[in-house]
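Student: I should like to learn how to read the features of a protein model. Could you guide me through the one before us?

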Amino acid sequence: MKNPIYILLFFYSLIAGFTIYFFDGTGDAGDSVMHYLYAKYAPVHPELFFHHWAKPLFVLVASPFAQFGFTGIKIFNALVSLTTIFLTYKICCELKIKNAIIVAIILIFTPLYYILAFSGLTEPLFALFLSAGIYAVLKEKYILSCLLISFLPFVRSEGLIIIGIFVLYLLLKRKWKFLPLLLAGHVVYSIAGFFVYHDLLWVFTKIPYAGFSSPYGSGGIFHFAKEMIDVVGVPIYFLFGIGTLVMIWMLLKKKLSLELQVLVLFGFIVYFSAHSLFWYFGIFGSMGLKRVLLGIVPLIAIISLEGFNFITEKISEKNKMWGKISYSLLISYVIIFPFTPNPSAIIWKNDMMLSAEQQCAIQIANFIIQQKGKEHRFIFMAPYLSEVLNIDCFDKSKKLDLTNENLSQLKKDDIIIWDNWYSVVEGGVTKEQLNNNTNLINFYNANFADEKREINFSAYELK
């Protein structure tokens with residue numbers, strides 16, 4: 001076939017459809033579900049379209065899909081990932097990188113990228129806007145590129161880092177007249193959000209990660225270097241390492257294009273280094289989550305392709321037959337690796353199905369609905385309970401967060417659902433507090449255990 005990219009995209013569409021239909025997981029039990037809930041209920045609560053943590057642009061574009069339940073948000077992110085794969089391939093074509101089709105294979109078989117394509121998380125959309133912005137630059141559509149990149153901070157806060165990269169690129173390219181367009185996203189959202197916050201600077205003052213502290217602690221400076229292997233898997237990690245060295249060597253020899261220098265190599269280094277430092281110093285709300293690297297997965301794939309080409313070309317120079325064999329073996333390893341027994345593999349039961357925590361939430365929610373009905377105000381923290389109880393978690397007449405403040409304002413018929421993670425970590429409420437409260441009665445408990453921890457949910461009501 002003249003252009004096999006369309007076969008690959010069709011193949012990805014088929015396996016994505018299969019995954020969505022047969023696997024009910026949410027990719028993540030916390031943030032993934034919360035981003036979905038913001039998108040789902042934004043039409044009922046328009047101020048949610050301007051919620052900084054939820055990411056305003058993500059909420060805007062994902063909201064129509066979220067109206068069809070979590071399946072809708074999974075379809076949305078699968079389409080986003082499909083488009084990102086195509087655009088990354090087109091970037092390689094424009095840059096005249098050999099074997100551009102391999103970059104699509106690398107993306108499709110990046111383990112964590114595949115898993116989280118079926119979630120409500122914002123990283124896939126970030127990767128799409130990044131790849132679209134780079135592709136537009138390569139097509140010399142600077143206005144479109146700057147506009148796309150200007151809205152990245154409203155998909156994920158790290159968009160500010162990418163804007164800085166594009167500022168540098170435009171300066172080196174001497175395209176100064178386009179620089180003001182990188183402010184477009186902030187200008188648009190400042191004005192639109194003014195009618196909610198009555199503050200034109202809300203895009204800065206409402207950033208939830210602006211403080212030089214984090215409740216999640218800190219870690220080693222090489223944390224993300226170690227975690228990256230679980231994101232991309234061993235073969236891609238190896239190719240990426242080789243590709244990085246090759247690109248640095250080409251840079252020193254002045255054989256690397258400005259686009260590859262700044263937008264790809266330097267873009268990755270700055271983004272990666274920033275997250276490493278955030279986690280090391282415990283600042284900007286960093287949790288050290290490996291999934292943040294998926295925001296720049298197109299850059300990782302392009303650098304890995306450079307590594308692939310270097311290895312196969314060097315072997316071909318010695319022996320063409322061995323070059324072809326190495327080509328086939330490397331591709332096979334990338335494709336097979338996510339399905340082999342290893343810590344970085346896709347474990348379908350754990351990664352693609354509802355977690356033990358979510359199954360526990362379903363059990364306690366079903367009991368309450370059957371025994372108590374739904375005509376209550378619920379007080380809880382676990383995000384998935386909003387979905388299984390089918391209640392608008394932003395309507396305070398129906399749901400409150402489980403915090404000590406809200407516990408002091410209980411009303412008759414209120415039902416409290418405590419869990420041993422979100423209620424403790426996010427709400428600051430322990431089970432002992434509830435058990436020692438003489439005004440409460442514990443009427444149901446649900447317990448599950450997975451490979452990592454024991455999961456407990458408990459329901460309480462006023463005596």
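Tutor: Let us begin with a term: helices (H or I, at least four residues) and strands (E, at least two) are DSSP runs, numbered from the N terminus. Please keep in mind that this is a predicted model.

Student: Where does asparagine 99 lie?

Tutor: Asparagine 99 lies in the loop between helix H4 (70-94) and helix H5 (101-108). Its phi is near 55°, a positive value in a residue other than glycine. With a relative accessibility of 28%, asparagine 99 counts as partly exposed.

Student: Which loop holds lysine 254, and is lysine 254 buried or exposed?

Tutor: Lysine 254 is found in the loop between helix H13 (234-252) and helix H14 (258-281). Although it is not a glycine, lysine 254 has a positive phi of about 60°. Lysine 254 is exposed because its relative accessible area is 77%, and exposed means over 50%.

Student: How does one check the length of helix H10, and what span should its 14 residues have?

Tutor: One compares the expected span with the distance between the ends. At 1.5 Å a residue, the 14 residues of H10 (residues 184-197) should span 20 Å, and the end C-alpha atoms are 19 Å apart, which agrees.

Student: Where is the kink in H10 centred?

Tutor: The kink, of about 30°, is centred on isoleucine 191. Just after H10, histidine 198 takes a positive phi of about 55°.

Student: Which residues of H10 are buried, and what covers them?

Tutor: The buried residues of H10 are Ala184, Gly185, His186, Tyr189, Ser190 and Gly193. Their cover includes helix H3 (56-66), helix H8 (142-150), helix H9 (159-173) and helix H11 (202-205).

Student: Let us turn to the sheet. What is the order of its strands?

Tutor: The sheet is open, has five strands in the order E2-E1-E3-E5-E4, and shows mixed pairing. Its edge strands are E2 (399-400) and E4 (440-449), each of which pairs on one side only.

Student: How many bridges join E3 to strand E1, and how many does E3 form with strand E5?

Tutor: Three bridges join E1 (residues 378-380) to E3, and these two strands run parallel. E3 and E5 (residues 454-462) pair in the antiparallel sense over five bridges. Tryptophan 418 stands opposite serine 458 in E5.

Student: Which residues of E3 lie on each side?

Tutor: In a regular strand the side chains alternate between the two faces of the sheet. In E3, Ile415, Ile417 and Asp419 are on one side and Ile416 and Trp418 on the other, and all are buried.

Student: Which residues have the most contacts inside the largest nonpolar core?

Tutor: In soluble globular proteins, nonpolar side chains tend to be buried together. Here the largest nonpolar core has 159 residues, and those with the most contacts inside it are Phe268, Ile364, Leu385, Ile417 and Phe457. Residues that phenylalanine 457 touches include Cys360, Ile364, Leu385, Ile417 and Trp418.

Student: How many disulfides does the structure hold?

Tutor: The structure holds zero disulfides. Cysteine 360 is in none, and the nearest cysteine sulfur, that of cysteine 393, is 19 Å away; a disulfide would need the two sulfur atoms within 2.5 Å. Cysteine 360 is buried, with a relative accessible area of 0%, and cysteine 146, at 1% relative accessibility, also counts as buried.

How values were computed
Residues are numbered from 1 along each chain as its sequence is written. This is a predicted model: local features need pLDDT of at least 70, side-chain atom pairs count only at pLDDT 80 or more; totals for chains, interfaces and linings use all residues. Side-chain values use heavy atoms; hydrogens and water are left out. Buried means under 20% relative accessible area, exposed over 50%, partly exposed in between (1.4 Å probe, protein chains only). A nonpolar core is a set of buried Ala, Val, Leu, Ile, Met, Phe, Trp, Tyr and Cys residues joined through side-chain atoms within 4.5 Å. Contact means heavy atoms within 4.5 Å. The expected span of a helix is 1.5 Å times one less than its number of residues. The bend at a residue is the angle between axes fitted to the seven residues ending there and the seven starting there. Two strands pair if DSSP finds at least two bridges between them. Lists of a residue's contacts leave out its neighbours within four places in sequence.
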